[in-house]
Amino acid sequence: MLLNKTPQIAGFAGTITAWQKQHGRHHLPWQDTRDPYRIWLSEIMLQQTQVATVIGYYQRFLSRFPDIASLAAASQDEVMPYWAGLGYYARARNLHRCAQVICADWGGRFPGNADDIATLPGIGRSTAAAIAAFAYGERGPIMDGNVKRVFTRYFGIEGITSERATEQALWRTAEAVLDAAPDSLDMVAYTQGLMDLGSQCCTRSRPDCLLCPLQDRCYARAHGRQHELPTPRKKKASPERHCRMLVAHCGGHILLEQQASPGIWGGLWSLPLYDSDEDVQHACRRLGAGPAAQKMAGLLHVFTHFKLHIEPWYMRCDEAPLTETSPAQRWIALADLPATALPAPVKKILAGLFPAPD
Ligand code: SF4
């Protein structure tokens, strides 16, 4: 149900489009192309990650994998270092799988419309519509986190946005807006405008309504309900988990262990993880280390659905044993660490112990 009884449906898309052309973003690296591969990469990187963080990753990724064929031909081990630190690693695994599917099933050409794009691994309806709008000018609604915020506030749509009924109401409204818009609507500017409005004006905690082109008929603004929409989810206490990580440092090498997929760090190389102090000491003995490992200062890493308390341990032996205690482990030379796909907290621990030379 729309609480806004006087929404501007017919002019909504035109208002957003005109605002985007004047006030929106125009110089992001993925805006000067209609290449669906580059647009797809940016859309996947931008899920859950801020523009400022994405830019460097986007450029580095493209310089190594400039097209679908080069990405499909690479191994997952070659791809992961270019994603390490961005988080949500299933995105990188799907991206890689997707490139292989495009080469195998689509003759290496990116599908040419949103319906076909949405059949690829890891690409949902909204992302498919955004890629099709930016690459081909295709007309179709999008509904990412930013757009949900604008729509729930402007149209007055209550309910948890991840719940089916609310999500359906949002998509219906987005379709009605497009149905009412003129055929000449500039889909690139409209789609970009929705994203820009959600990240520049209609922000989560401090919406800047005075700069918003929708302010005159916005339900949330008229009723002072900006902070109640989108309807907040009931907060569950985030579970806390604990682990030990062992920095085994022998002869200029560090022992790393590739994490299983799927998993939080699937495909990445972590320091070996242990549940107890005894397990750490036992691993040291199996590695053939003389001196016992020493505890280092702990750190906390926050995931979206839990908190991980990490207790790093450090063990050094000058006579490198270079044996492993599991097939997933490998000794990596310190000089090769920058090119290795490490989870963010592992990178932090190792950077503290082995700072990069100036
Ligand atoms: S007027 Fe304020 S709450 Fe309404 S859409 Fe604009 S920024 Fe969001």
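**Cavities, a pocket and the cores**

A: Begin with the largest cavity: 15 residues line it, and those nearest its centre are Arg 153, Cys 202, Cys 209, Cys 212 and Cys 218. Keep in mind that this is a predicted model.

Q: Which elements give two or more residues to the lining of the largest cavity?
A: They are α9 (145-155) and α12 (219-222). The largest share, three residues, comes from α9.

Q: How does the lining of the largest cavity divide by class?
A: The lining has 10 nonpolar, two polar and three charged residues.

Q: What about the second largest cavity?
A: About 30 Å³ of space lies in the second largest cavity. Its lining is made up of Pro 141, Ile 142, Val 147, Phe 151, Ala 174, Leu 178, Tyr 190 and Leu 194. Two or more of the lining residues come from each of α9, α10 (164-180) and α11 (187-200). By class, the lining has eight nonpolar residues, no polar and no charged.

Q: Where does the second largest pocket lie?
A: Look at which domains supply the lining. Domain 1 (12-222) and domain 2 (240-353) both give residues to the lining of the second largest pocket, so this pocket lies between them. Its volume is about 470 Å³. Of the 19 lining residues, Leu 337, Pro 338, Ala 339, Leu 342 and Lys 347 lie nearest the centre. Helices α3 (51-64) and α14 (344-353) each give two or more residues to this lining, and the largest share, three residues, comes from α14. The lining divides into 16 nonpolar, one polar and two charged residues.

Q: Now the packed parts. Which members of the largest nonpolar core touch the most other members?
A: Of its 96 residues, these are Phe 12, Trp 40, Phe 61, Trp 83, Phe 151 and Tyr 190. Helix α8 (residues 125-136) provides the largest share of this core, eight residues. At least three residues come from each of domain 1 and domain 2.

Q: Which residues is Phe 61 in contact with, leaving aside its neighbours within four places in sequence?
A: Phe 61 is in contact with Tyr 37, Leu 41, Met 45, Leu 71, Val 79, Tyr 82, Trp 83 and Leu 95. A second, separate core has 14 residues, among them Cys 250, Leu 287, Trp 313 and Cys 317.

Conventions: Residues are numbered from 1 along each chain as its sequence is written. This is a predicted model: local features need pLDDT of at least 70, side-chain atom pairs count only at pLDDT 80 or more; totals for chains, interfaces and linings use all residues. Side-chain values use heavy atoms; hydrogens and water are left out. A nonpolar core is a set of buried Ala, Val, Leu, Ile, Met, Phe, Trp, Tyr and Cys residues joined through side-chain atoms within 4.5 Å. Buried means under 20% relative accessible area, exposed over 50%, partly exposed in between (1.4 Å probe, protein chains only). Helices (H or I, at least four residues) and strands (E, at least two) are DSSP runs, numbered from the N terminus. Domain bounds come from an automatic or database domain assignment. Contact means heavy atoms within 4.5 Å. On a 1 Å grid over the protein atoms alone, a cavity is a set of points where a 1.4 Å probe fits but cannot get out, and a pocket is an open set with protein on both sides within 12 Å along at least five of seven lines; lining residues have an atom within 4 Å of a point. Ala, Val, Leu, Ile, Met, Phe, Trp, Tyr, Cys and Pro count as nonpolar, Asp, Glu, Lys and Arg as charged, and the others, Gly among them, as polar. Grid points are joined across faces, edges and corners, and a volume is the space filled by probe spheres set on the points.
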